[in-house]
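Here are my notes for you, written as numbered points. Keep the viewer open and click along as you read.

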Amino acid sequence: MIVEEIMNREVYSLLPTNTVNDAVRLMREKKIRHLPIVNEQGKVVGIITEHDVKNALPSCLKEEPNSTIYQTPIAEIMIKNPIIGHPLDFVEEVAVTFYETKISCLPIVSGGELVGIVTTTDLLYTYIELTGAHKPSSKIDIRVSDKPGTLSDITQIFKKHKANVLSVLVFSDSKNENCRILSVRAQILNPLNIISELREQGFDVLWPNVPGVQQ
């Protein structure tokens, strides 16, 4: 999946000469928390977040929009030369950038023009949709040996029980470096028969640990 599939194309921006009050008003009106800052040529030169605005204002003045601090140019508090992305970047790469740099948004630029923005919220919604966590389903965690063909064997069991697999996540096993944890989400509400057969086939089902099901 690439960035242009999840980015918000309705992106609002301000100039460095706009004031803190302009940023506060725009964020409140549009219910947003991030604002790219562009120069008169449309090039992204900064970013300002709701957190930046709050840090810039003394607590005693946050409810006094007539304070002179609100007339401070955004250029004085914005994050200059922010990290930017491209519409054709992979979403996974953007997620790694967020993780490593601790940023909360990424202006998306194409041909020198601001065309969108991606936030941590966008990534969260994408994760939920990709994993199918928002759909009626069951999640089964299985400890497996790290060897070829294991995933195929497991999905055959789900196929036998006519359970549509929505997603498969693979994690390292903190207790055994030679094993992996497969987290399978399937479009089935009662997975007891699948769990039973997985265990009959020798797979270690960690979750759900259903009472009464053979272990």
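1. Let's begin with a loop. N81 sits in the loop between β3 (79-80) and α3 (91-101). Keep in mind that this is a predicted model. N81 has a positive phi of about 45°, even though it isn't a glycine. Is N81 buried or exposed? It's exposed, with a relative accessible area of 68%.

2. There's another residue like this to look up. K162 belongs to the loop between α5 and β7 (165-172). Its phi is near 55°, a positive value in a residue other than glycine. K162 is exposed too, at a relative accessible area of 77%.

3. Now go inside. The largest nonpolar core has 16 residues, and I140, I142, I154, F158, I194, L198 and F203 are the ones with the most contacts inside it. Which elements supply at least two residues each? They are β6 (138-145), α5 (150-160), β8 (179-186) and α6 (192-200).

4. Pick I154 and look at what surrounds it. Leaving out neighbours within four places in sequence, I154 is in contact with I142, V144, L182, L198 and F203. Apart from this core lies another one, of 15 residues, including L14, M27, I37 and V45.

5. Next, the helix pair. α5 and α6 pack at an angle of about 145°, and their axes are 10 Å apart. The crossing is right-handed. On the α5 side, I154, I157, F158 and K160 meet I194, E197 and L198 of α6. Sorted by class, this contact has five nonpolar residues, two charged ones and no polar ones.

6. Stay with α6 for a moment. Its buried residues are I194, I195, E197, L198 and R199. What do they pack against? The answer is β6, α5 and β9 (204-207). Just after α6, G202 takes a positive phi of about 95°.

7. P208 lies in the segment after β9.

8. Last, a look at the annotation. The unreviewed UniProt entry puts "domain: CBS" on residues 7-63 and 78-137. For the span 78-137, the end C-alpha atoms lie 44 Å apart in the model. That span is 38% helix and 25% strand.

Conventions
Residues numbered from 1 in each chain as written. Predicted model: local features only at pLDDT ≥ 70, side-chain atom pairs only at ≥ 80, totals over all residues. Heavy atoms only, no water. Core = buried A, V, L, I, M, F, W, Y, C linked by side-chain atoms within 4.5 Å. Buried < 20%, exposed > 50% of the residue type's maximum accessible area, 1.4 Å probe, protein only. Helix = DSSP H or I, 4+ residues; strand = E, 2+ residues; numbered from the N terminus. Contact = heavy atoms within 4.5 Å. UniProt positions renumbered as here; feature names shortened; annotations may be inferred. Axes fitted to C-alpha atoms, helices over the stretch in contact; angles between N-to-C directions. Left-handed = near helix turned anticlockwise from the far one by under 90°. Nonpolar A, V, L, I, M, F, W, Y, C, P; charged D, E, K, R; others polar.
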